Amino acid sequence: MTIPDTVALDRSDPLASLREQFLLPEGKVYLDGNSLGALPKAAMARIEAVVRKEWGQDLISSWNSNDWINLPITVGEKIATLMGAAPGQVISCDNVSINLFKLIVTALQLQMGRKVILTQKDNFPTDLYMTEGVGALLGDQRCVTRSVPADQLVEAMDTDIALLLLTQVNFRDGRLHDIEAITRAAHANGILVLWDLAHSAGVVPLELDRWQVDMAVGCGYKFLNGGPGAPAFLYLATRHQDKVSQPLSGWLGHAEPFAFEPGYRPAPGVSRYLGGTPGILGMSALDAALDVFDGFTIDQIRGKSSAMTALFIDGVRSASECSECRVVTPLVPEERGSQVSLAHPRAYGIAQALIEAGVVVDFRAPDIVRFGFSPLYNSYRDVADALRQLLRILAAGEHLQARFDTRAKVT
Ligand SMILES: *Cc1c(COP(=O)(O)O)cnc(C)c1O
């Protein structure tokens, strides 16, 4: 197998200049932006400014003078523009798990008389755990979870189902659901949809309004590059917003937090999904990180993403060194997100050997190595370098070393 020549691809890449906007470790190929996005230089400068001036000097007045109080909304609106959502429907807050809780309960309240949550067996675990938690809280008269394999979702839809909870891009194999088609099928049965966009936002074109999506959640720290533990976001379509309250009725979601009334009155619109005080440092970093997208379209980003994953898949499939690797990510670009997953019996050893060789990837049990491609800062040369190291490791048997038999806590 010859490693593809990527010089021309990088030279004609309309996004190539964006790499400069990130601080990347010297001598490494970072292919884990689907787990933790790289650091935008603007986020670093912003945190420094928020700490020194806004916190250090302006102190409490910053809630007004530096508009900290509206940050969940301003950040939410920036994310909305990446997802085809008109203003007033996205807010940045909490993490994905907590936002799932709020929206699952909202859906059950909107769907009185229905109690089933339909989801996919291999959905991301937190999505499954949260439905279990809501079920334990409300009891099985009000909430029952039904999980089925991906290919049985549509036939499992019936009029008992209150909510369909799915992740668009599967975290293990990178397979991508057609949100528009599945949402339409759900609505035909009176089912609301809640999409987890953790691996989609910032890298997959989304038209949440046009597709009539009811609810969505997603991550700030993956392809949006907001930093470790960055706040997540939630989307709730305008048509659902003022019908029910949300279960975590905290004071910042109150209509008038500073009236300090003893009773809860939800704020109008999506703001009621705020609970307590947001972490301003983390949210400021996300706010700055989102400006990297300015001037570029999601279609450009998706185009480069598909080209990078295709280049990598073709390389793996044509190399005799990789004969034991199975590409579990769909081969059709429209059916996958921005990652390539390889199944291999010694996947953990491969991931560790790659990391030692400077190619940062991750492992997901039981047997998957994931290569995440972030079009904002990865180059086509990164793809070729990763391929070159993978083939070298497999040919030399580096992944078989006994020290890779023990797994670290975070894989
Ligand atoms: C990363 C990820 C999450 C993360 O959830 P948090 O509660 O924010 O930690 C949730 N869902 C999916 C599908 C993910 O990939």
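Visitor: Why is R239 called partly exposed?

Guide: In this predicted model, R239 has a relative accessible area of 38%. Buried means under 20% and exposed over 50%, so a value in between is called partly exposed.

Visitor: What makes the contact of D214 and R239 a salt bridge?

Guide: The N to O distance between their side chains is 3.1 Å. The cut-off is within 4 Å for a nitrogen of Lys or Arg and a carboxyl oxygen of Asp or Glu, so the pair qualifies.

Visitor: Which parts does the pair D214 and R239 tie together?

Guide: D214 lies in the loop between β8 (192-196) and β9 (215-218), and R239 in helix α9 (residues 238-241), so the bridge joins parts that are 25 residues apart in sequence.

Visitor: Why is D214 called buried?

Guide: Its relative accessible area is 2%, and buried means under 20%.

Visitor: How do you know that R346 and D405 form a salt bridge?

Guide: The closest N and O atoms of R346 and D405 are 3.5 Å apart, and the limit is within 4 Å, so the pair counts. R346 lies in the loop between β12 (339-343) and α12 (347-356) and D405 in the segment after α13 (380-396), so the bridge ties together parts 59 residues apart in sequence.

Visitor: Is D405 buried or exposed?

Guide: D405 has 56% relative accessibility and counts as exposed, because the threshold is over 50%.

Visitor: What makes R370 and D362 buried?

Guide: The relative accessible area is 2% for R370 and 3% for D362. Buried means under 20%, so both qualify. Their side chains meet in a salt bridge at 2.8 Å, N to O.

Definitions and conventions
Residues are numbered from 1 along each chain as its sequence is written. This is a predicted model: local features need pLDDT of at least 70, side-chain atom pairs count only at pLDDT 80 or more; totals for chains, interfaces and linings use all residues. Side-chain values use heavy atoms; hydrogens and water are left out. Helices (H or I, at least four residues) and strands (E, at least two) are DSSP runs, numbered from the N terminus. Buried means under 20% relative accessible area, exposed over 50%, partly exposed in between (1.4 Å probe, protein chains only).
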